[in-house]
Amino acid sequence: MVNLMSGDSFHPPVRTLMGPGPSDMNPRVLAAMGRPIIGHLDPAFVGMMDQMKVLLQYAFQTENELTLPVSAPGSAGMETCFVNLVEPGDKVVVCINGVFGQRMKENVERCGATPVVVEDDWGQPVDAQKLDSTLAAHPDARLVAFVHAETSTGACSDVKTLTQVAHAHDCLVIVDSVTGLGGSELRVDDWGVDAIYSGTQKCLSCTPGLSPVSFGPRAVERIQSRKHKVQSWFLDLNLIMGYWGSGGGKRAYHHTAPINALYALHEALVLLHEEGLENAWARHRHHHEALKAGLEAMGLALLVEEPHRLPQLNAVKVPEGVDEAAVRTRLLQRYGLEIGAGLGPLAGRIWRIGLMGFACNAKNVRLCLHALESVLT
Ligand code: PLP
């Protein structure tokens, strides 16, 4: 039994978050969450939502009408894409080069569709040639799904080329950019991406629990011409559109929006707009270079080859004989610094050092290098 006394409020310890997410939040974003709650159909809130849509369109570099934050974490953004675009009996090519490609395959199966897997080693980007030959062997495939920024390995895949390959075979694409948005170049319209989802807790440095999504005209057409009802009531975009006003009509109640979390996302997007998207991408690259130089000077090596590295997620090989979990514990205890462990086949073999959004700065690079060096020697 928990013995709660009055005044036993929860006060979390102060940490520096340099793991795979969540990342530290800008004080302006935290402050936005503390503003008074208003009704989710209040005209002031509706005005904020209209601005949010424009800010999200900027972040995704798109003019897609159907651009909105799903009221649930990145995994729900993933499900929104799959349940709306995949029908029972469809064939979907899923590219797997880490944890999140595997999760996409699960989604395809749960939609009653057949996944065809294009597999690449963990730490490698998705191979466009393999995708091309797989699509040639499966001319009945309707969709291709892949991860832009694979958080489990730190590998960045070439969204533009993979999308071109998919389109050449008459397939639409679903892209996971949970870790990509705001940290790496991403141009939804120029690259022709049909459907994309992201998360708020990575390079947007906002509270977890929201998932920005965007759907292009061909994806919307496919949703509207479905033969089967979307199996999820909550994630059915035909219904959500009514609340977000993407159907062109008056906003109607669908679910109670996470109001204060949306204030935070609005502020995080205002910050991104103030900085400028390209400046944000350059900042991530700049601090990644500094971190990489320091790690290499310590004799540590990165998992992913140079041209495919994500600046915001640095997978560092654990040196022979080092207890990686003990290192993370010491970093947390002595420096309040969180870095991440490896997952799946990379468990015990890598650390994952995030440089995401607000946490991507020179001070954190110095702290991380100093702390790692001191616990390793
Ligand atoms: N996709 C990728 C690439 C991720 O990194 C994550 C979370 O780390 C997700 C999907 C799922 O997001 P969430 O944990 O917010 O549900």
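Q: Is the crossing of α11 and α13 left-handed or right-handed?
A: Helices α11 and α13 cross in a right-handed sense; a crossing is right-handed when the near helix is turned clockwise from the far one by less than a right angle, and left-handed when anticlockwise. The model is a predicted one, in which local features need pLDDT of at least 70 and side-chain atom pairs count only at pLDDT 80 or more, while totals for chains, interfaces and linings use all residues. Residue numbers start from 1 along each chain as its sequence is written.

Q: At what angle do those two helices pack?
A: Helix α11 (residues 277–297) and helix α13 (residues 362–376) pack at an angle of about 15°, and their axes are 10 Å apart. They are therefore roughly parallel to each other (under 35 degrees; over 145 is roughly antiparallel, 65 to 115 roughly perpendicular, the rest oblique). Axes are lines fitted to C-alpha atoms over the stretch in contact, with angles from 0 to 180 degrees between N-to-C directions.

Q: Which residues make that contact?
A: From α11, His287, Ala290, Leu291 and Gly294 take part, and from α13, Ala362, Val365, Cys368 and Leu369. Contact requires C-beta atoms, placed from the backbone, within 7 Å. By class there are six nonpolar, two polar and no charged residues (nonpolar: Ala, Val, Leu, Ile, Met, Phe, Trp, Tyr, Cys, Pro; charged: Asp, Glu, Lys, Arg; polar: the others, Gly among them).

Q: And α3 with α4, at what angle do they cross?
A: The axes of α3 (residues 74–85) and α4 (residues 99–110) come within 10 Å and cross at roughly 40°. The two helices are therefore oblique to each other, and the crossing is right-handed. Met78, Glu79 and Phe82 of α3 meet Arg103, Met104, Asn107 and Val108 of α4. The residues of this contact comprise four nonpolar, one polar and two charged.

Q: What about α5 and α6, how are they oriented?
A: Helix α5 (residues 128–137) and helix α6 (residues 159–168) have axes that come within 10 Å and cross at roughly 15°. That makes α5 roughly parallel to α6. The crossing is right-handed. On the α5 side the residues are Ala128, Leu131, Asp132 and Leu135, and they meet Thr161, Leu162 and Val165 in α6. Five of these residues are nonpolar, one is polar and one is charged.

Q: Changing topic: which residues come nearest to the ligand?
A: Among the 13 residues around the ligand, the nearest are Pro73, Gly74, Ser75, Thr151 and Val178, where a residue counts as near if its C-beta atom, placed from the backbone, lies within 6 Å.

Q: Which element gives the largest share of that shell, and what are the classes?
A: Helix α3 contributes the largest share, three residues. The shell has six nonpolar, six polar and one charged residues.

Q: Where is there a cis peptide bond?
A: A cis peptide bond joins Gly21 and Pro22, with omega of about 5°. Pro22 is placed in the loop between β1 (16–17) and α1 (27–33).

Q: What is phi at Gln61?
A: Gln61 has phi near 55°, a positive value in a residue other than glycine. Gln61 sits in the loop between α2 (43–60) and β2 (66–70). Most residues other than glycine have a negative phi, and most peptide bonds are trans.

Q: Finally, how many helices and strands does the chain have?
A: The chain has 13 helices and 14 strands, taken as DSSP runs numbered from the N terminus (helices H or I, at least four residues; strands E, at least two). The C-alpha trace spans about 60 × 55 × 50 Å along its principal axes.

Conventions:
Two residues are in contact if their C-beta atoms, placed from the backbone, lie within 7 Å.
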